[in-house]
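Welcome to this tour! Please open your viewer and get ready to select residues as we go.

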Amino acid sequence: MPLLPRAARAALHFWEEPCISGTKGSGTVFFSGCSLSCVFCQNYEISHDGFGKTVSINRLSEIFRELEAAGAHNINLVNPTHYVYAIKQALDIYRPKIPIVYNSGGYDRAETFKELYGYFDIFLIDLKYLSTDKARLYSGAADYPEFAKAAVLECCRQQPECVFDSDGIMQKGVIVRHLILPQGTGEAIAVFDWVRENTPSAYFSIMSQYVPCGRAEDYPVINRRITKREYEKVLSYICESSFEKVYFQQRTSADGQYIPPFDLSGI
């Protein structure tokens, strides 16, 4: 990726958690490139193939302003890890009066977050694996669990409480996401337990939207959607716990139609 940010879409997005998308949509900027190499990525076109358009820092600040003017509940930066310093400069030029969301795969350095303290109101961050073997096999990053756990903890340090407005739209806080993979129920339960025990102030979002994309066909275990039995096993475990700060995704979300069109809209 170039030094300046490259993006593939900037538009109102309605498929995040209800407290993020609300009724007006989340002002989402989809950046190109990624710090991970997930073989099953649903945004493979932009994360691996690099589709997008390079924009100046001034233009990025204008995009923030335009999304805010369109009525967005927030500015939602998807996959910002490798452009954080350009994003910081753009926010220095224009800081929207709505929350700024850091929407990441979780392979982030906690030290980077510390240097950016005060720039992000909401962290929407993945905890994909606690297993180093799965992290190595599916994302090319055996050290993912180490970095992702530290990143989540730093997010919770910066935003220790979840705050919502009168319409239920999040203003500050942390949501930790986990995508259930085929044959991944044990991993999903382990991730949930870690979040419940280590970040009790954060919300947990369990996602069932997995659809084989990218190079998933080369990995027979994950070359299918999750089953009803797999999904219900994880949900049953979570529901039997005393943890209530949870978002559930319907299995019907496992449909390619929910993948946004990367057509340079708004760029």
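## Stop 1: a loop residue

Keep in mind that you are looking at a predicted model. Begin by selecting alanine 70, which is partly exposed with a relative accessible area of 48%. This residue sits in the loop between H3 and strand E4 (75–78). In sequence, alanine 70 and glycine 25 are 45 residues apart, but their C-alpha atoms are 9.4 Å apart in space.

## Stop 2: two crossing helices

Next, select helix H3 (residues 57–69) together with helix H4 (residues 84–93). Their axes come within 8 Å and cross at roughly 60 degrees. The crossing of H3 and H4 is right-handed.

Which residues in H3 meet H4? Show the side chains of Ile57, Asn58, Leu60, Ser61 and Phe64 in H3. On the H4 side, you will find Ala86, Ile87, Gln89, Ala90, Leu91 and Ile93. Colour this contact by residue type, and you can pick out eight nonpolar residues, three polar and no charged.

## Stop 3: helix H8

Move on to helix H8 (residues 185–198). From its first C-alpha to its last, this helix of 14 residues reaches 20 Å, close to the 20 Å expected at 1.5 Å a residue.

Now highlight the buried residues of H8: Thr185, Glu187, Ala188, Ile189, Val191, Phe192, Asp193, Trp194 and Val195. What do they pack against? Their partners include helix H6 (132–139), helix H7 (144–158) and strand E8 (170–179). Strand E9 (203–207), helix H9 (228–240) and strand E10 (246–248) are also packed against by the buried residues of H8.

## Stop 4

Select threonine 199, in the loop between H8 and E9. Is threonine 199 buried or exposed? It counts as buried because its relative accessibility is 1%, under the 20% cut-off. Leaving aside neighbours within four places in sequence, threonine 199 is in contact with Val152, Leu153, Cys156 and Trp194.

## Stop 5: a histidine in E8

Finish with histidine 178, placed in strand E8. This histidine is buried, with a relative accessible area of 2%.

Zoom in on the side chain of histidine 178: one of its polar atoms lies 2.8 Å from the backbone oxygen of leucine 127. The side chain also reaches the backbone oxygen of lysine 128, at 3.4 Å.

To see the surroundings, not counting residues up to four places away in sequence, show the residues that histidine 178 touches, among them Glu187, Ala188 and Val191. Phe204, Ser205, Ile206 and Met207 are touched by histidine 178 too.

Note on methods
Residues numbered from 1 in each chain as written. Predicted model: local features only at pLDDT ≥ 70, side-chain atom pairs only at ≥ 80, totals over all residues. Heavy atoms only, no water. Axes fitted to C-alpha atoms, helices over the stretch in contact; angles between N-to-C directions. Helix = DSSP H or I, 4+ residues; strand = E, 2+ residues; numbered from the N terminus. Left-handed = near helix turned anticlockwise from the far one by under 90°. Contact = heavy atoms within 4.5 Å. Nonpolar A, V, L, I, M, F, W, Y, C, P; charged D, E, K, R; others polar. Expected span 1.5 Å × (residues − 1). Buried < 20%, exposed > 50% of the residue type's maximum accessible area, 1.4 Å probe, protein only. Polar contact = N/O pair within 3.5 Å; in protein donor to acceptor, adjacent residues only side chain to side chain.
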